[in-house]
Amino acid sequence: MANSASGLAVHDDCKIKFSDLKARRSFRFIVFKIDEKTMEIKVERLGETSYGYEEFTNSLPANECRYAVYDLDFVTDENCQKSKIFFFSWSPDTARTRSKMLYASSKDRFRREMDGIQCEIQATDPSEMSLDIIKGRAH
């Protein structure tokens, strides 16, 4: 299924793995990459359920754009255990302009493919997606 704005297709594996994360909690996070040769969004990395937020942020390349989802576990002020699924649009300032444009033009449609996203973060620098910021958005 091609994206009319950018001509991108979303590989079926993206939806399958996201469904596994959402329904079965099979992964802590998923990193997605646009393959510029095939013009398709693909799964690049799956984070084990034992991985923490630092492993997630370390999996995002410093100079390249990515999409990602992260399943955050947290405790509310009422001491209830909860989780929320975050969608990340990672577009570092140092990424190629063409890449930033491609990710920006495809983001909304790709995010809509991921039914069950509860929060969205757009970041150009690691400081914009610190764990404190993410936890603040979760409450």
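In what order do the elements of the chain run from the N terminus on? The order is β-α-β-β-α-β-β-α-β-α, where helices (H or I, at least four residues) and strands (E, at least two) are DSSP runs numbered from the N terminus.

**View 1. The whole chain, with its four helices and six strands.** This is a predicted model, in which local features need pLDDT of at least 70, side-chain atom pairs count only at pLDDT 80 or more, and totals for chains, interfaces and linings use all residues. Residues are numbered from 1 along each chain as its sequence is written, and side-chain values use heavy atoms, with hydrogens and water left out. Along its principal axes, the C-alpha trace spans about 45 × 30 × 20 Å. Of the 139 residues, 42% count as buried (buried means under 20% relative accessible area, exposed over 50%, and partly exposed in between, with a 1.4 Å probe and protein chains only).

**View 2. Arg28 and Asp73 joined by a salt bridge.** A salt bridge is a side-chain nitrogen of Lys or Arg within 4 Å of a carboxyl oxygen of Asp or Glu; here the N to O distance is 3.0 Å. Look for Arg28 in the loop between helix H1 (12-24) and strand S2 (29-35), and for Asp73 in strand S4 (residues 66-75); the pair therefore ties together parts that are 45 residues apart in sequence. Arg28 is buried, at 13% relative accessible area, whereas Asp73 is partly exposed, at 31%. Arg25, Arg28, Asp71 and Asp73 are linked in a network of salt bridges.

**View 3. Arg96 and Glu36 meeting in a salt bridge.** Their N to O distance is 3.0 Å. Arg96 sits in the loop between strand S5 (81-90) and helix H3 (97-113), and Glu36 in the loop between S2 and strand S3 (40-47), so this pair ties together parts that are 60 residues apart in sequence. Glu36 counts as partly exposed, with a relative accessible area of 25%.

**View 4. Glu120 and Arg111 forming a salt bridge.** You will find the closest N and O atoms of this pair 2.5 Å apart. Arg111 is partly exposed, at 23% relative accessibility. To put these close-ups in context, the structure holds 15 salt bridges.
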